[in-house]
Amino acid sequence: MKVEFSVRSWSAVAPGVASPAQWLAWSAVPALPEGELQLDVSSIPALARRRLGRLAKMAVVVADDVLRQEALTDVPMVWASRYGDADKSLALLASQAADEPLSPTAFGLSVHNGMGAQHSILRGITSNAICIASSGAAPEAGVIEAMGLLGDGADAVLLVCYDEPLPGA
């Protein structure tokens, strides 16, 4: 089977690196990005901003950036991550270990497909949203899923790879 695709647009964000020019400079001498995380979250409604964690905000910002660049409104999406928003899951486990009540809202955002679901709701996207958890090969698994959607006839697919190191706990 032969599948061809091209990357029409891209976006990325990391601490200290946000603009395309900064990413190109970083690519000449790649290292672990450091510095201040600069996110424009003004397009995310205030209630959602309060509920979404740092990683979710980063993923939503880059997804929205590509949707805007390509003038896409309803496109199949693949969300690929090693662990999802592990901070939320670990906070729930700590609450459970301390016999504290668990928040249904926090649980809903801790599951692996929570980020893609929240984005779909925020933006009114009704196309496929596939969430991939693939330990050390999340970007590769995301590309394979995206190629499958293209092979099934999708005109375009938005692949969002998001990750951050697991917290020390």
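## Sheet and helix packing

Strand β1 (residues 77–81) pairs with β3 in the parallel sense, over 4 bridges. This is a predicted model. Within the pairing of these strands, Val78 stands opposite Leu159 in β3. Strands of a sheet pair through backbone hydrogen bonds, either parallel or antiparallel.

The open sheet has 3 strands in the order β2-β1-β3, with parallel pairing. Strands β2 (129–133) and β3 each have a single partner strand and stand at the edges, so one side of each is left without a neighbour in the sheet. From one strand to the next, the twist averages 15 degrees. Helix α7 (residues 138–151) packs on this sheet and touches β1, β2 and β3; the direction of α7 makes about 165 degrees with that of β1.

In a regular strand the side chains alternate between the two faces of the sheet. Strand β3 (residues 158–161) has a covered face and an uncovered one, as the table lists.

| Face of β3 | Residues |
|---|---|
| Covered | Leu158, Val160 |
| Uncovered | Leu159, Cys161 |

A further contact joins two helices. The axes of α3 (residues 54–70) and α6 (residues 114–123) come within 10 Å and cross at roughly 50 degrees. That angle makes α3 oblique to α6. The crossing of α3 and α6 is right-handed. On the α3 side, Leu55, Ala56, Ala59, Val60, Ala63, Asp64 and Leu67 take part, and they meet Met115, His119 and Arg123 in α6. By class, this contact of α3 with α6 has 7 nonpolar, 1 polar and 2 charged residues.

Conventions: Residues are numbered from 1 along each chain as its sequence is written. This is a predicted model: local features need pLDDT of at least 70, side-chain atom pairs count only at pLDDT 80 or more; totals for chains, interfaces and linings use all residues. Side-chain values use heavy atoms; hydrogens and water are left out. Axes are lines fitted to C-alpha atoms, for helices over the stretch in contact, and angles run from 0 to 180 degrees between N-to-C directions. Angles under 35 degrees count as roughly parallel, over 145 as roughly antiparallel, 65 to 115 as roughly perpendicular and the rest as oblique. A crossing is left-handed if the near helix is turned anticlockwise from the far one by less than a right angle, and right-handed if clockwise. Contact means heavy atoms within 4.5 Å. Ala, Val, Leu, Ile, Met, Phe, Trp, Tyr, Cys and Pro count as nonpolar, Asp, Glu, Lys and Arg as charged, and the others, Gly among them, as polar. Buried means under 20% relative accessible area, exposed over 50%, partly exposed in between (1.4 Å probe, protein chains only). Two strands pair if DSSP finds at least two bridges between them.
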